[in-house]
Amino acid sequence: MKSEKKERVLLLSGTASMLEQFNRNNIRILREQSYDVDIACNFRFGNTEPPEQVCAFQKEMEVLGVQCYQIDFPRGAGTPRSDYRAFRQIQALLNRREYAFVHCHTPTAAAIGRLACFCAGVTVVYTCHGFQFFHGGRRRDWLFFYPLESLLSRRTHTLITVNRDDYRIASGHFHARYTCYIPGVGIDWKRYACCARTKEDCRDALSIPRDAFVLLSVGELNDRKNHGAVIRAMALLKDSGCQYYIAGIGTRETARQELMNLAKSLGVGGQVHLIGYRTDLEYWYKAADVAFLLSKREGFGMAGLEAMASGLPLVTTGTGGISDYFRDQENGFLCRAEDYEKLSHIIARLESDPALREQMGKRGREIAREYDSSRVDERMWRIYEGLREKEAGSSVLS
């Protein structure tokens, strides 16, 4: 007897790193639900991981039977020419492959992908990892991106938001058939909360002085992540034993040098260390004393949750989805993005008060547990399951 043909789903993203870092579980869930899975993204440009990591991910997917397709998505909004090129590539893929639905990620890829799916008559799911407009954001972003998202929502079957502010906007003002909230994209809580090594062992292994006061930021090297704020605050401290480690790479070749030039110009070049892209972050968190997430805009801020799960106090701007899990004075301190003087006082206070760091870290670990990937996976399972019947809204908790 001939077996029934399996349905196929396409995961579409501007970069391979978005799929590798935040969609592995979605790929697994879809395969467990007996879907064939394709992924389409830009494997060559704009990724926040080194090329060898991207290549390894692509090979891993191919071994699993996941078909990989290159789409020349631009970084950022792109140009009419680059956007149209990506649109035609998606159109060609939709014409060659039959999909039950397409799950889009990242703003530009999702905008282009939803238009292509509308033209092809394909059902679309969009996970918004943070709208380009937000409370307190620039007026021009509201004037351009808000009406664009409103229009595209009419071509969206299921709109998934990862923070509560975005959910309130989307459910109250946009037009997707179903709007859902999930608590971020999920973290492996045990990986960070239950690291078996001691702080001293981690510092020895990572060549960090045992007596240093270690500050840590994790994120792409760009202006939005605002790593320079900590460097400027450190320069205001006198005789501090701070050592600042930044994990991440940038898509601009000059990003690394710009940060080091800033540190040297402020006299703290010997205290700032750019450690690149890391796959052993649990040990860096364990070795640290305080974590920073001072983004000017943030959809959710996974690095903040990872730091909290590791038992670190968090110093943050609280923008976007960070406000879902951050409690000022409870699991860390709130600070405006460019308030360097206040930031220096926060660093000094945490350096001088180990008991406060422990108290805040303990509370942060408790909060972070609520965002374990198992909870997100449960919701995504129900969303995907509901899409099979085209009734996603009835199968999730909003």
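This is a predicted model: local features need pLDDT of at least 70, side-chain atom pairs count only at pLDDT 80 or more; totals for chains, interfaces and linings use all residues.
Me: How do you know on which side of helix 2 the buried residues lie?

Reply: Asn-26, Ile-27, Ile-29 and Leu-30 are the buried residues of helix 2, which spans residues 24–32. Around the axis they cover an arc of only 165°, and therefore they sit on the same side of helix 2. Their cover includes strand 1, helix 1, strand 2, helix 3 (51–63), strand 4 and helix 17 (373–388).

Me: Why is Ser-17 called buried?

Reply: The cut-off for buried is under 20% relative accessible area. Ser-17 has 2%, so the residue is buried. Ser-17 belongs to helix 1 (residues 16–22). Beyond its neighbours within four places in sequence, Ser-17 is in contact with Asn-47, Thr-48 and Glu-49.

Me: What makes the approach of the Ser-17 side chain to the backbone nitrogen of Thr-48 a polar contact?

Reply: The side chain reaches that nitrogen at 3.2 Å. A polar contact requires N or O atoms within 3.5 Å, one able to donate a hydrogen and the other to accept it.

Me: Is Ser-153 buried or exposed, and how do you know?

Reply: Ser-153, in helix 6 (residues 139–153), has 1% relative accessibility and so counts as buried. A polar atom of its side chain lies 2.6 Å from the backbone oxygen of Ser-150. Apart from neighbours within four places in sequence, Ser-153 contacts Arg-114, Phe-174, His-175 and Ala-176.

Me: How does the span of helix 4 compare with the expected one?

Reply: Helix 4 (residues 80–96) has 17 residues and reaches 24 Å from its first C-alpha to its last. At 1.5 Å a residue the expected value is 24 Å, to which the computed span is close.

Me: Why is helix 10 described as largely enclosed?

Reply: Six of its eight residues are buried, so the rest of the structure largely encloses helix 10. These are Gly-228, Ala-229, Val-230, Ile-231, Ala-233 and Met-234. Among the elements they pack against are strand 8 (213–218), strand 9 (242–247), helix 11 and helix 15 (340–352).

Me: Why are helix 10 and helix 11 called roughly parallel?

Reply: The axes of helix 10 (residues 228–235) and helix 11 (residues 255–265) come within 9 Å and cross at roughly 10°. Angles under 35 degrees count as roughly parallel, and therefore helix 10 and helix 11 are given that description. Gly-228, Ile-231 and Arg-232 of helix 10 make the contact with Leu-259, Leu-262 and Ala-263 of helix 11.

Me: What makes Leu-259 a buried residue?

Reply: Its relative accessibility is 12%, so Leu-259, a residue of helix 11, counts as buried. Leu-259 and His-227 are 32 residues apart in sequence, yet 8.0 Å apart in space, C-alpha to C-alpha. Not counting residues up to four places away in sequence, Leu-259 touches Leu-221, His-227, Gly-228, Ile-231, Ile-246 and Leu-274.

Methods
Residues are numbered from 1 along each chain as its sequence is written. Side-chain values use heavy atoms; hydrogens and water are left out. Helices (H or I, at least four residues) and strands (E, at least two) are DSSP runs, numbered from the N terminus. The expected span of a helix is 1.5 Å times one less than its number of residues. Buried means under 20% relative accessible area, exposed over 50%, partly exposed in between (1.4 Å probe, protein chains only). Contact means heavy atoms within 4.5 Å. Axes are lines fitted to C-alpha atoms, for helices over the stretch in contact, and angles run from 0 to 180 degrees between N-to-C directions. Angles under 35 degrees count as roughly parallel, over 145 as roughly antiparallel, 65 to 115 as roughly perpendicular and the rest as oblique. The arc is that of the directions from the helix axis to the C-beta atoms.
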